[in-house]
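Reader: Hi! I've got a structure open and I'm a bit lost in it. Could you walk me through some of its parts?

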Amino acid sequence: MTKTVLLASITAILLMACSPAPQSTSDEHSVKAPKDQIEKGKDYHSFANPDEVIVEHIDLDLTADFDKQQLIGTATLTTKRIDEQADTLVLDTRGLTILSVTDGKQAVEFSLDKADPNLGSALRIKLPANANQVTIEYHTSPDASGAQWLTAAQTAGKQHPFLFTQAQAVHARSFIPLQDSPQVRVTYNATIRTPKDLMAVMSAANDPNAERDGVYEFTMPQPIPSYLIALAVGDLHFKAMGKRTGIYSEPSLLDAAAAEFEDTESMLEVTEQTYGPYSWDRYDLLILPPSFPFGGMENPRLSFITPTVIAGDKSLVALIAHELAHSWSGNTVTNATWRDLWLNEGFTTYLTYRIMEMIYGEDRYNMEAVLGYQDLQADIASLDPNDQILAIDLRGRNPDDVFSNIPYEKGALFLREIEHKIGRDNFDQFLLNYFEHFAFKSITTDQFITYLDNTLLKTYASKLDKKRIQQWIFEPGIPEGAPVPESDAFTKVDDARQAWLAGNKQAAAIDTQNWTVHQWLYFLNNMPESLDQTQIAELDDAFGLTQSKNNEIAHSWLMIAVKNEYKPAYDRLYDYLTSIGRNKLVKPLYRELSKTAEGKAFAKRAFEQAKPGYHPLTVKANQGFVE
Ligand code: BES
Ligand code: ZN
């Protein structure tokens, strides 16, 4: 240990010993702030003080140590004083070990607050007068909530380990000490050191031809919110798809992924034509191992994608349209707090449908819209009314625990209503202006409403109604008279299902030859809750559903199997739960299994086997079902 490090550590220990009680905990948040007064624009999920001192740029120098399962190194933060009197920089951390803080020359005093279970610990750094940079020497913990370290055995190639980060919503703080609030935007540079045979990629400018020498340099020249900082390290290779689009993945998946997602370049082009220029230079996809807890994550220039959507027939590529759309709604115009998540996800879901229509036509648009609408209806039927509000009150809560279709599908339906009222071309023009107006800004729901007041509500005063807009945003449920998506392609599926249920037609006699994956999903998702064993077996015999290779169809089928305890599907179910970590696919199965003692015992066996390979978020989301 150097003298400076030693001194700083002693200072830290001393400061910790006499540091004040934590500024606030999530519980205190809800006590301090009564339910009727949400402070506009206040980020209740960050301890940072950007209104006093704001971080504008981050330089990272990190080593990915696969033996210790730690990122080890430094973060140098360049700050700007907003309040001249301010003498403390407050950062967010979670599970980080802070070794020292210096201003480039000497040690700087710091203290780490007691940890809040949802938010981690505030790191308070005494800012030397005139200094505008601090360097924090730190390392992460092996169980960092925002990073997953996979052994070689947990990868496709089985030869090399893999690391990836997932920062949204509040996990960047578990691998970088920073102001972890979406209203703080930073540019960043990074040097990432890896074992020699691995390659690092980031949500930044990537060089597919970078020499594999174990040192990788990145720059992200556009200011982004912290939840978009991302890193992955593994046996990664690159294959171009179009001029600006390509795939990074382990070698064995490259060709399949490039074929599945070959329309990405066209998606990029039509989105630009409709909503204005793409701001981020390249758009590449990184295919992760199956433990990736989400379908996709819109990390700028490089979306992170689950391999579970490589179906062989492009049936699940709406996910790519979605992550691409975030380049406009989310990454260019960003939610200022997690309460405003619907501005990211609702706009993106609306854009996703539109992109899918532009590339694959109206039938696909209608089918996907109906399936999305049904997901929304299911949530409206089951969620607490407060959780059905677009501008949701998240005080004292962990954003991870409140994930639902509301910000996505209700947000999109709201925009669809405006589109219907003022006309598609006019609404597209509005969106284009909106993306330009707020480019590289983080905005609140209230800012959006004010913008709407000054634009559409003036131009189309006779067609839009302020009260109704307030109802969409601040009240539970779906306003009466909202658009109801419909699909002709589903009519014959309804007929077939009904005829079969009524005993008028055998499953094998249903003409499913030309059914799309969406028709299958609609067929299965709308089965009655309870079927008898002979009925389920008849479906399985006729259509081989237990063996379906499409992960979404398999999911819908396994839900039916669990609800009805159809045991012939349980080997497949076990295999599914232990090989996929995407929460949207596994969580409903665990929830359903946990409803019976026998189901729970089965779930527990699968969970215990899968747990070492699950992402921390997947473990957290499901362990309650097996306890
Ligand atoms: N940004 C989200 C994922 C996310 C949201 C992570 C909130 C953490 C907190 C991403 O764009 C997303 O929405 N993914 C969906 C895609 C689907 C709706 C097409 C997913 O992973 O299922
Ligand atoms: Zn999204």
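Reader: Where is Ala 169 found?
Author: Ala 169 sits in the loop between E9 and strand E10 (185-193). Helices (H or I, at least four residues) and strands (E, at least two) are DSSP runs, numbered from the N terminus. This is a predicted model, where local features need pLDDT of at least 70, side-chain atom pairs count only at pLDDT 80 or more, and totals for chains, interfaces and linings use all residues. Residues are numbered from 1 along each chain as its sequence is written, chains are lettered from A and ligands numbered from 1 in the order in which they are written, and side-chain values use heavy atoms, with hydrogens and water left out.

Reader: OK! Which kind of peptide bond joins Gln 168 and Ala 169?
Author: A cis one, with omega at about 0°.

Reader: And what does the side chain of Gln 168 have to do with ligand 1?
Author: An N or O atom of that side chain is 2.7 Å from a nitrogen atom of ligand 1. A polar backbone atom of Gly 296 is 3.2 Å from an oxygen atom of the ligand. Arg 582 has a polar side-chain atom 3.4 Å from an oxygen atom of ligand 1.

Reader: How much of ligand 1 does the protein bury?
Author: The protein buries 87% of the 530 Å² that ligand 1 exposes when taken alone. Those accessible areas come from the Shrake-Rupley method with a 1.4 Å probe; for residues, only the protein chains shown count as cover.

Reader: Which elements give two or more residues to the shell around it?
Author: Strand E17 (296-297) and helix H5 (318-325) do. H5 gives the most, with three residues.

Reader: Which residues come nearest to ligand 1?
Author: Of the 15 residues around ligand 1, those are Gln 168, Gly 295, Glu 298, Glu 323 and Tyr 408. A residue is near a molecule or strand if one of its heavy atoms lies within 4 Å of it.

Reader: You mentioned E17. Where does E17 come in the order of its sheet?
Author: The order is E14-E15-E16-E18-E17, in an open sheet of five strands with mixed pairing. Strand E14 (237-240) and E17 are the edge strands, and each pairs on one side only. Two strands pair if DSSP finds at least two bridges between them. E17 and strand E18 (residues 302-305) pair in the antiparallel sense over two bridges, and Gly 296 stands opposite Ile 305 in E18.

Reader: What do strands pair through, anyway?
Author: Strands of a sheet pair through backbone hydrogen bonds, either parallel or antiparallel.

Reader: Which way do the residues of E13 point?
Author: In strand E13 (residues 231-234), Leu 231 and Val 233 point one way and Ala 232 and Gly 234 the other, and all are buried. Buried means under 20% relative accessible area, exposed over 50%, and partly exposed in between (1.4 Å probe, protein chains only).

Reader: Nice. How many residues of helix H18 are buried?
Author: Eight of the 11 residues in helix H18 (residues 583-593) are buried. Among them are Leu 585, Val 586 and Tyr 590. The cover on the buried residues includes helix H16 (551-563), helix H17 (570-579), helix H19 (597-610) and helix H20 (616-626).

Reader: New topic: is Thr 93 buried or exposed?
Author: Thr 93 is buried, because its relative accessible area is 1%. Thr 93 is in strand E3 (residues 88-93). Leaving aside neighbours within four places in sequence, its contacts (heavy atoms within 4.5 Å) include Leu 112, Leu 119 and Arg 173.

Reader: And Glu 39, buried or exposed?
Author: Glu 39 counts as exposed, because its relative accessibility is 52%. Glu 39 lies in the loop between helix H2 (26-32) and strand E1 (53-65).

Key: Polar contact = N/O pair within 3.5 Å; in protein donor to acceptor, adjacent residues only side chain to side chain.
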